[in-house]
Amino acid sequence: MPRNLVRNSLIAMVLAAVAGIVYVLASAASGPGERIRFERFARGALVGLDFGMAGQPAGTQGFLGPGGETVSMPELTGRVTLVNLWATWCAPCEREMPTLGALQTARGGEAFQVVAISVDELDAREEAARQLAEWTGGQLEFYQANDFDLAYVDFSARGFPTTILYDSDGLEVARYAGELDWASYEALALIDAVIENASG
């Protein structure tokens, strides 16, 4: 084999390898890279954070707002949003809810909101709203699912409570299945990082 041909083949292989490395690094720095960026928070109280659906947009199915009006996740974008799916008959939900109220108190505003969506039966709306106000000290507005499809199809929940963090564009950052202290130092650090990323 001529020497020039060997040299050119080696150069081509090196360039291909370099191009591959550049592609991987570029992929890690954009799009799904958000997932890698926030995974560092999955420790301590947040060790169970799930990033498997990171980057997926929120569903569009409607649910009931505080005044009984129909709302959907696209209408709630523009702020970092923590969606919590809960029920009055769910003991872990009851224990977790005060921490969500505390999180709303600590970080709620133009940049962040907690949206707690009850999956209780529609005829239990009044009682569920009363329980939410009691458990959170009145810090969270009452939202309610029209049916279980919202939780299982739109939000891909597998049980309750399920909590999903969305960025200000309505794209999933991470989710947590089960009870969690959302007022913990680790949770506040995660929320602050997502808010900062949205405003940066």
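How many disulfides does the structure hold? The structure holds 1 disulfide, a term for a pair of cysteine sulfur atoms within 2.5 Å. This is a predicted model, where local features need pLDDT of at least 70, side-chain atom pairs count only at pLDDT 80 or more, and totals for chains, interfaces and linings use all residues. Residues are numbered from 1 along each chain as its sequence is written, and side-chain values use heavy atoms, with hydrogens and water left out.

**The disulfide**
- Cys 90 and Cys 93 are the partners, with sulfur atoms 2.3 Å apart.
- The torsion about their S-S bond is about 80°, so the disulfide is right-handed.
- Cys 90 and Cys 93 are both buried (under 20% relative accessible area, with a 1.4 Å probe and protein chains only).

**Helix α3**
- Helix α3 covers residues 91–107; helices here are DSSP runs (H or I, at least four residues), as are strands (E, at least two), numbered from the N terminus.
- From first C-alpha to last, the 17 residues of α3 reach 25 Å, close to the expected 24 Å (1.5 Å times one less than the number of residues).
- At Met 97, α3 bends by about 30°, and Pro 98 follows within four residues; the bend is the angle between axes fitted to the seven residues ending there and the seven starting there.
- Among the buried residues of α3 are Cys 93, Met 97 and Leu 100.
- The partners that the buried residues of α3 pack against include β4 (112–118) and α6 (185–199).

**Confidence**
- The chain averages a pLDDT of 86 (the predictor's confidence in each residue, from 0 to 100).
- Across residues 5–34, pLDDT stays under 50.

How values were computed. Buried < 20%, exposed > 50% of the residue type's maximum accessible area, 1.4 Å probe, protein only. Contact = heavy atoms within 4.5 Å.
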